[in-house]
Structure formats: structure tokens, C-alpha cells
Amino acid sequence: MEPVELTVADLHPSVDDPALNSMNFLNEVAQHYPEAVSLAAGRPYEEFFDSAAPARHLDTFRRHLADDLGLSPAQVDRTLLQYGRTKGIVHHLIARNLAVDEQLTVDPETIVVTVGCQEAMFLVLRALRAGPRDVLLAVAPTYVGLTGAARLVDLPVRPVAGGPDGVDLADLRAQVCRVRAEGLRPRGCYVMPDFANPSGVSMGLDQRRRLLDLAAEEELLLIEDNPYGLFPAAGTERVPTLKALDTRRRVVYLGSFAKTVLPGARVGYVVADQRVAGSDGTVGPLADQLAKIKSMVTVNTSPIAQAVIGGALLAHDCSLVAATARERAAYARNLRHMVDGLAARFPAGGPVRWNVPAGGFFVVVTVPFAVDDALLHRSARSYGVLWTPMAHFYDDGARVRALRLSVSAVTPAQIELGLDRLAALVSDELAAVGSPA
Ligand SMILES: Cc1ncc(COP(=O)(O)O)c(C=O)c1O
């Protein structure tokens, strides 16, 4: 064996943490079984990719810089090709998008354009984690990218019960009290009010208002993550975002263009309008502090990637609702297909249950047997279907008898095939545990 220079114990503890291995593990399983139908991947549907679109969008944004903003040819080139503004160059278009699609008015100066929403999470958690007494609350089950980002900055995550309303407010209040009673500081609570990943659950309007009131009473920040909000189920009305209802600057809003425009562009953003008093007596938005951190992580988000997103926004008068009509229809159709397909295969009132999300990419199926990585391997190898064990979205290592199905990267025919295979696996597992089907 080759000699080793380091052991993982010499490195930051996060690198040996299951949260950081989760996405790699799931990708590796998928690569290992390329023939399997994947109801695991929460990626956008690839048939929608248009390889000519990035160049077109780039050109649209270039013309915007020249014609709308009055930049000279040299300034246009510098904007696109040189190192750039840390907070980004499409902030004004993102602000317009939020006004058009979310009826949300934000000062563009409170926006930081990031390398995907993932970087936005990291910047926010890095900024909020001031010392060893700080902890983050997060509605469970929790997107593993958030848990992983918290690990990177040594910020412990305390779960808050989600439940059918998206967040159990009594539990949130109890967790805040518990944390404070332990002499710790809750720095915020991570929530996904729209079609959450992985639970598929959404919050109603009243619940959002109550959550905002609780946040104000407890002086708690809410970190709202909203990558799926534009994909309601057919016939479902969208509900205003927390940020659109936030009159007290309690909400830090995370956005992503991965599902609405192009995942490969790797562009997301954060709206952070909280006022921060500096040590020099000046007051400015939290976004300015996040930008300082960003300047030491990615310097600035690729202006070329931002231009692609900017051009896509401009092509639809900054409305992503308008830009994603085709995607919305396909994802809604697939979600309906998935839910109907489950009902066709598993009897009502039986041991297999699932939720019926109001939108988004994900459905959670609950079963009366253990659902772990070993079962996933077996499912892929012997049954030819991939899904995600829900245990990946809980931080406590507890056994979870549920799995997440995704509808985004498949066709209705693949959903049918995948569900047939899943039903075969479930039937064999039920027989093994002696449960009636
Ligand atoms: C809930 C949630 N937040 C954030 C992200 C990451 O977004 P991005 O690709 O913009 O980094 C994802 C990606 O799947 C997600 O599901």
C-alpha cells in the first residue's frame, strides 16, 4: 500500500461527516446502475435543455448592457470578461423578477448573486455563526445541502418538527426556548414553505403569517429557501413567499435559477436586507457583509454565467413564471402521474402511504420496513429502480421508514416503469416482514 501523508482525522471534521457524503453517495449509486430508472434525481428534465440558448441569452444581456444601461463597447466587454462586482451584475434584473413574479419589492443593493443557491447558504451560515454558542434551527426533514453547509462552519443544526403544515410552530417555539435555556443562541430557522425538498409539504398563507409573527416575537431570523415555488400542481394557486409577507426584515431569502433556467449556469442569490451596524458606526444591509465573505470564497459569480441568466430573464420581461410555462406543465403532469400511479399500485388504507404535494418535484412514500442505503443498493441491482432514502434528510442517524420519489427528470412512461419496479420491491419486503400488502 502507498504510504499516507494525512489521515482524515487531521482534516476539518466536516469532511468525514455523513452529510457531506450524501450527494456523492447517491450519485455513485446512480452511476453504478445506469440501467435503473431513477426516481431519485431531483434534477431538471434534460429534454428541455437547448444548447443554443446560452449564447442567445449572452447576446441579449450584452445588448441590454449597451442599449438599456448605456455602456460603451469597452465597458460591455469589461463587465462580461473581467473580474467583476462582488455582489453581482444581474441584481437589478433579479429585483425586477421578484417584483414581477413574487410581488416582492427589494432594493437591488440587498441582493448578492451567488454560485448557485448552495453558496448563498454557505455565506449566510458563515455570517450568522459568530461563536460556539450559536446554533441553527431547521425544519426536518432538511435539505442535505443546508446541513452540509452548516457543518462547514461548525454550526450545529437542531431539528424542528415539520408536520403536515410545513412547520410545527409549537415545536419551533419549544426549540427556541430549549436552546436559550441551554445558554445557546438560535441564529435562525431554515424553512422551505413551497413544495419542500424532500417532504413535498407546503405552508398555507395563515401558517406563513403565524410563522412570521413567531419569528418577530422570538427575534428569530427565518432563512427561506425557494427553488421550487414556480412549480405548483395543476389547479393549485401559488401562495406569497414569506419574504413577500415580511414587513419586519425577519426573512433572509434564498433563490436559485437551477430549476427555472439552467442548472449548469450555477447561479443563485440571496436577498439579505437586514440592517447591520458596523464597528465603524455605519449601517448597511447584511448583503454587504455576505459580500465580504463571498469575496474570499468565489471572488464574484462568473459574469458569463450571470449574463446567461440575465439574458433569460430579459427574454421574458423578467418573468420566470412566463419563462417556465412548459416546465410547470410537465412537472405538474408528472406529479399527478406519480400520485395516481402510487394509488393504482398500493391499496388505500394499506401499509404503504404517501403524501399528495401541492407542487414541486418530490413525493414521500412511507413503508413498514427499514429503508436504508443497503435497500437502495438492492433496489437498484435487483429491481432496477432508484429512489432516495429519507434517512439522508435527518441528521440524527435514526432509522426512517420512508423514501423520496422525484418526478423531475423522468417521463410518464419512466414513472410507470419505475413504480412497477418499486411495487415489486415493496411487495417482497412486505412479505419478508410479514405485513399484508
Ligand atoms: C432545497 C434546495 N435548496 C437549494 C438547492 C441548490 O440549488 P443550486 O443548484 O442553485 O445551488 C437545491 C438543489 O437541489 C435544493 O433542492
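**Entry 1: the seven-stranded sheet**

I began with the sheet of 7 strands, which is open and mixed in its pairing, with the order S2-S8-S7-S6-S5-S3-S4. At its edges I found strand S2 (111–114) and strand S4 (157–161); each has a single partner strand, so one side of each is left without a neighbour in the sheet. Neighbouring strands here are turned by 20° against each other on average, direction ignored.

A note on my source: this is a predicted model, in which local features need pLDDT of at least 70 and side-chain atom pairs count only at pLDDT 80 or more, while totals for chains, interfaces and linings use all residues. Residues are numbered from 1 along each chain as its sequence is written, and side-chain values use heavy atoms, with hydrogens and water left out.

My terms: strands (E, at least two residues) and helices (H or I, at least four) are DSSP runs numbered from the N terminus. Two strands pair if DSSP finds at least two bridges between them. Strands of a sheet pair through backbone hydrogen bonds, either parallel or antiparallel.

**Entry 2**

How many bridges join S7 and S8? I found 4 bridges between strand S7 (residues 251–256) and strand S8 (residues 268–271), in the antiparallel sense. Gly-255 has Tyr-269 in S8 as its bridge partner.

Next I looked up helix H7 (residues 169–181), which lies across strand S3 (134–140), S4 and strand S5 (185–191). H7 runs at about 150° to S4; axes are lines fitted to C-alpha atoms, for helices over the stretch in contact (heavy atoms within 4.5 Å), and angles run from 0 to 180 degrees between N-to-C directions.

**Entry 3: the four-stranded sheet**

I then turned to an open sheet of 4 strands with antiparallel pairing, in the order S11-S12-S15-S14. Strand S11 (353–354) and strand S14 (388–389) stand at the edges with a single partner strand each, so one side of each has no neighbour in the sheet. S11 and strand S12 (residues 362–366) run antiparallel and are joined by 2 bridges. Trp-354 has Val-365 in S12 as its bridge partner.

**Entry 4: Val-8**

Where is Val-8? I found Val-8 in the segment before helix H1 (18–32). Val-8 is partly exposed, with a relative accessible area of 39%; buried means under 20%, exposed over 50%, and partly exposed in between (1.4 Å probe, protein chains only). Leaving aside neighbours within four places in sequence, I saw that Val-8 is in contact with Val-15 and Asp-16.
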